[in-house]
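Hello,

Here is the structure for your files. My notes on it follow below.

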Amino acid sequence: MTAFPAASTAAIDIPDLPDRTRMRRETGARLRSAMAERGVDAAILLLNNNVVYATGANWPLGDAGLAHVERPVAVVTVHDEWPHLFLPFRAGAAAETELPADHLHPPVYLEFDEGVADFARKLADLVPAGSTFAVDEYTGAMLRARDRLFPGGKPVDAATVIGPAKLIKTADELSCIRKACRITEEAIVDIHTGLAPGQRQIDLSAGFVRRAFELGATATMLDAIWQVMPESKADGVWTKHGDLALPLLTTERELAAGDVLWTDVSITYNGYCSDFGRTWIVGRDPTPRQQAQYRKWREILDAVLAQIRPGATAARLGAAATAAAGGDRPWLPHFYLSHGIGVSAAEVPMIGTDLGAEFDENFVLRPGMVLVLEPVVWEDGTGGYRSEEIVVVTDGGFAPLTDYTYAPYGD
């Protein structure tokens, strides 16, 4: 089991399984409140994760070609408790939603001029004239018809309303995330314990995905990563920033004894994501140098965890990690020390990004925020060490949402 600093953890009441109707009402109220604060009367949402958040509907994501021709679209109005959902025919039978029947509509085809014209007519029946809109994505046809769709003026970016709404998770959202993590960790066990030279990366993926869906996963969020790390940066894939490349796509590569694997997998449960990352060694125990890297990683993780509480800034967490690492930032330059998670595998808050120090200094932690911590320790000749832990900020500190062994390195 994961050993967290006891003095920094705080209990939080998370239901074993989510109450979907309650979650839908609470997240809907949060979204409408964010819209009202910014003077937005209606939001049109095309991005899958935003539709999931706004409507509670979830479905196995189709390939990009189908998603862009026939995809779910949500219309949220500030004065209606329930959003309207335009759902693809092929997703209708599989989608799960608590929306009233009169808020479920046939699909709209927003890639085409005729489809946008049809949507404009339907929109006029749902939203009063002169309303202020927010939109998260435009198709080309929507841009061509923007004046007809939005006669009241150019819409605002929907990220300004849905981003703040997503920041604080309800108890049922936390239940979904924790359940997604438990499915992931249980599905990983057989892959981890059976790891051996001669296996192919894609074989690990096949076994993991099959088991995850048997355990109740809704979808896979990314192709599972089982990346073989080079012994030195000079031996790795070229990157513009001169550091390590991660993630690299899984292939038919056969694993060899001594390969250092950086794993990264994510599935969804009820539309909410997991995130799993560990470092494994194929067929061997870690060397003393590799074991020392793991201990350094734990020191960094513990230093960050000790700072997590309401009122702490993102900058404080970054400073604690850097100090524990001896003055160098212990995370990949194209990623972050930490990111959030919810209906997306990576969402705000993000700590240590190219948004800069001022952003981190002004971002303050609040209860209900979820952090995925992923520091990295590197020393040429070892393959490095990286793992991920997910915690939720509580009134008194934090509570873990993940619980998986660090074998073969420790506990």
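Of the 411 residues in the chain, 54% are buried (under 20% relative accessible area with a 1.4 Å probe, protein chains only; over 50% is exposed, in between partly exposed). This is a predicted model, in which local features need pLDDT of at least 70, side-chain atom pairs count only at pLDDT 80 or more, and totals for chains, interfaces and linings use all residues. Residues are numbered from 1 along each chain as its sequence is written, and side-chain values use heavy atoms, without hydrogens and water.

Overall shape: the radius of gyration is 22 Å, which agrees with the value near 22 Å for a compact globule of 411 residues (taken over C-alpha atoms; the rule is 2.2 Å times the number of residues to the power 0.38). Along the principal axes, the C-alpha atoms fill a box of roughly 70 × 45 × 45 Å. Among contacts with a separation of 6 or more, 71% join residues 24 or more positions apart (contact: heavy atoms within 4.5 Å).

Secondary structure: the chain has 13 helices and 19 strands (DSSP runs, H or I of at least four residues and E of at least two, numbered from the N terminus).

Thr322 is buried, because its relative accessible area is 18%. Leaving out residues up to four places away in sequence, Thr322 touches Gly327, Asp328, Arg329, Pro330 and Trp331.

Regards
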